[in-house]
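Dear colleague,

I am handing over the structure we spoke of, and below it you will find my notes on what came out of the analysis. Please read them with the structure open beside you.

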Amino acid sequence: MEKLHQELKALIIETLNLEDLSIEDIETTAPLFGDGLGLDSIDALELGLAIKNQYSVILDTDDCNTRTNFASVENLAKFISEHRPSASL
């Protein structure tokens, strides 16, 4: 799971052009939105598309669990590991 955490942190930095951050700057359990990393709804859309392209996993905006899944890198990794096709492993 640690490898997926690192991949997601790199994906966040690359997708959202956060060049001033490094993987080490993003805490695995810290919130991605609000007081944490400070992402917004546009960032969530961009990140969702990047996750779809990278891991073949769709985060449904109408799903009541989407907010929880996007809460942290840890939550995203758990969701992706549970929902990605086995060929992506």
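How much space lies in the largest pocket? About 370 Å³ lies there, where a pocket is an open set of points on a 1 Å grid over the protein atoms alone at which a 1.4 Å probe fits, with protein on both sides within 12 Å along at least five of seven lines, and a volume is the space filled by probe spheres set on points that are joined across faces, edges and corners. Before going further, please note that this is a predicted model, in which local features need pLDDT of at least 70 and side-chain atom pairs count only at pLDDT 80 or more, while totals for chains, interfaces and linings use all residues. Residues are numbered from 1 along each chain as its sequence is written, and side-chain values use heavy atoms, with hydrogens and water left out.

The pocket

The lining of the largest pocket (residues with an atom within 4 Å of a point) is made up of 14 residues, and A44, L45, T61, T66 and F70 lie nearest the centre. By kind, the lining residues divide into 8 nonpolar, 4 polar and 2 charged, with Ala, Val, Leu, Ile, Met, Phe, Trp, Tyr, Cys and Pro counted as nonpolar, Asp, Glu, Lys and Arg as charged, and the others, Gly among them, as polar. Helices α2 (41–55) and α3 (66–69) each supply at least two residues of this lining, and the largest share, 6 residues, comes from α2; helices here are DSSP runs (H or I, at least four residues), numbered from the N terminus.

In helix α4 (residues 73–83), V73, L76, A77, F79 and I80 are buried, that is, under 20% relative accessible area, as against exposed at over 50% and partly exposed in between (1.4 Å probe, protein chains only). These residues lie on the same side of α4 because they cover an arc of only 165° around the axis, taken from the directions from the helix axis to the C-beta atoms. What covers them includes α1 (2–15), α2 and α3.

Leaving aside neighbours within four places in sequence, L8 is in contact (heavy atoms within 4.5 Å) with I51, Y55, V73, L76, A77 and I80.

Single residues to look at

G48 lies in helix α2 and counts as buried because its relative accessibility is 15%. With neighbours within four places in sequence again left aside, G48 is in contact with L59 and F70. S72, found in the loop between α3 and α4, is buried too, with a relative accessible area of 4%, and S72 touches T28, T29, A30 and L32, not counting residues up to four places away in sequence.

N17, in the loop between α1 and α2, has a positive phi near 55° and counts as exposed at 52% relative accessibility. S56, in the loop between α2 and α3, has a positive phi near 55° and counts as partly exposed at 46% relative accessibility.

With best wishes
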